[in-house]
Amino acid sequence: MLKLLPSNTCSSIIKKSFLDKVDENGYKWVTISEEIKQFYWEEFQKKCQWDVAVGDSVVKAAWEHKAKERYRQYIYDISTRNPTREKPCHIEQHVWNAWNAIWNSEDFKKKSKQNKKNRRKGVVGGKAPPTHNGGSASHQQIAADMEEYTGQAPSCYDVFMFTHTKDHDGKTFQVDKAKEVHEYFVSQRADLALLGEEVDESELFYKAVRGHDRKKRIYGLGSYGRSIFPENSSQTCTSPETTSQKHHLETKIQKLEETIEQQRTKLNVVRNMVNDMRNTNNQ
């Protein structure tokens with residue numbers, strides 16, 4: 001997916017459009033009328049420019065993705081993070097009353113509680129365990145900073161390790177799932193190297209995180225993952241040629257895993273024989 005840059009500037013422009021015009025039914029993005037959404041899009045076009053070769057439809061898709069995220073944060077700030085529920089000056093009273101009626105409904109509270117529990121990995125009260133240590137910087141920005149510091153573009157695995165280990169030490173993982181991804185990646189990379197096979201780290205990482213999830217996201221990379229593994233990338237393409245290549249690759253990996261397992265079995269047999277011989281000699 002196309003990235004809107006500079007990200008912070010684009011976000012500010014988008015948020016300002018929310019303040020310029022409010023939808024009475026817009027207590028969340030999906031309930032905003034198409035007319036109001038069109039207004040937000042037109043305001044963005046007035047203040048931003050892009051290469052005509054890119055195409056308005058591509059830019060609009062990127063804008064809508066960011067606008068949806070910004071609107072969710074905007075609503076969160078004026079509702080949940082506003083304990084006194086003081087009405088913002090840009091919202092008319094009847095709109096504020098309508099939104100509060102929805103936020104205070106039992107159905108909304110029930111859904112909000114469940115969504116909060118899901119986001120916090122089951123932790124309802126207290127401090128939720130951190131999932132990464134990138135702070136407020138996006139993965140895209142972190143990757144750019146890493147490239148500037150090292151002089152070369154980092155792999156997706158490098159970015160993942162930097163943002164998912166304590167103090168970026170590459171050892172102490174924030175969550176068990178990140179550790180599992182790392183262990184699988186390292187193990188598979190070592191096995192393929194042992195067999196003299198060429199290692200495609202991006203492809204291996206994609207397999208380690210099990211590809212796109214049901215929301216088309218790549219675990220551990222945030223929005224940066226969409227630029228590395230777009231939804232229409234070769235990993236998700238279903239053309240006959242790509243399907244054949246994918247099947248060939250999966251078959252090859254399966255055979256390699258079987259070979260490695262056979263070698264491990266033989267090695268264990270040899271180890272047991274050596275141990276038996278040592279025990280016999282010690283008796």
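**Labels and their grounds**

Analyst: In this predicted model, a surface patch of positive charge is formed by Lys 68, Arg 72, Arg 214 and Lys 215.

User: What makes this patch one of positive charge?

Analyst: Lys and Arg count as positive, and the patch gathers Lys 68, Arg 72, Arg 214 and Lys 215. Therefore its charge is called positive.

User: Why is Lys 68 called partly exposed?

Analyst: Lys 68, which lies in helix 3 (residues 56–79), has a relative accessible area of 41%. Buried means under 20% and exposed over 50%, so Lys 68 is partly exposed.

User: Which residues make the nonpolar surface patch?

Analyst: Leu 2, Val 54 and Val 58 make a nonpolar patch of about 190 Å². Leu 2 sits in the segment before helix 1 (7–20).

User: How does the reach of helix 8 (residues 176–194) stand against the expected value?

Analyst: Helix 8 has 19 residues and reaches 27 Å from its first C-alpha to its last, close to the 27 Å expected at 1.5 Å a residue. Its buried residues are Ala 178, Val 181, His 182, Phe 185, Gln 188, Asp 191 and Leu 192. Just after helix 8, Gly 196 has a positive phi of about 75 degrees.

User: How many helices and strands does the protein have?

Analyst: There are 11 helices and zero strands. Of the 283 residues, 29% count as buried.

Conventions
Residues are numbered from 1 along each chain as its sequence is written. This is a predicted model: local features need pLDDT of at least 70, side-chain atom pairs count only at pLDDT 80 or more; totals for chains, interfaces and linings use all residues. Side-chain values use heavy atoms; hydrogens and water are left out. Patches are made of residues with over 30% relative accessible area and no salt bridge: like charges are joined within 9 Å, nonpolar side chains (Val, Leu, Ile, Met, Phe, Trp, Tyr) within 5 Å. Accessible areas come from the Shrake-Rupley method with a 1.4 Å probe; for residues, only the protein chains shown count as cover. A salt bridge is a side-chain nitrogen of Lys or Arg within 4 Å of a carboxyl oxygen of Asp or Glu. The place of a charge is taken as NZ of Lys, CZ of Arg, CG of Asp or CD of Glu. Helices (H or I, at least four residues) and strands (E, at least two) are DSSP runs, numbered from the N terminus. Buried means under 20% relative accessible area, exposed over 50%, partly exposed in between (1.4 Å probe, protein chains only). The expected span of a helix is 1.5 Å times one less than its number of residues.
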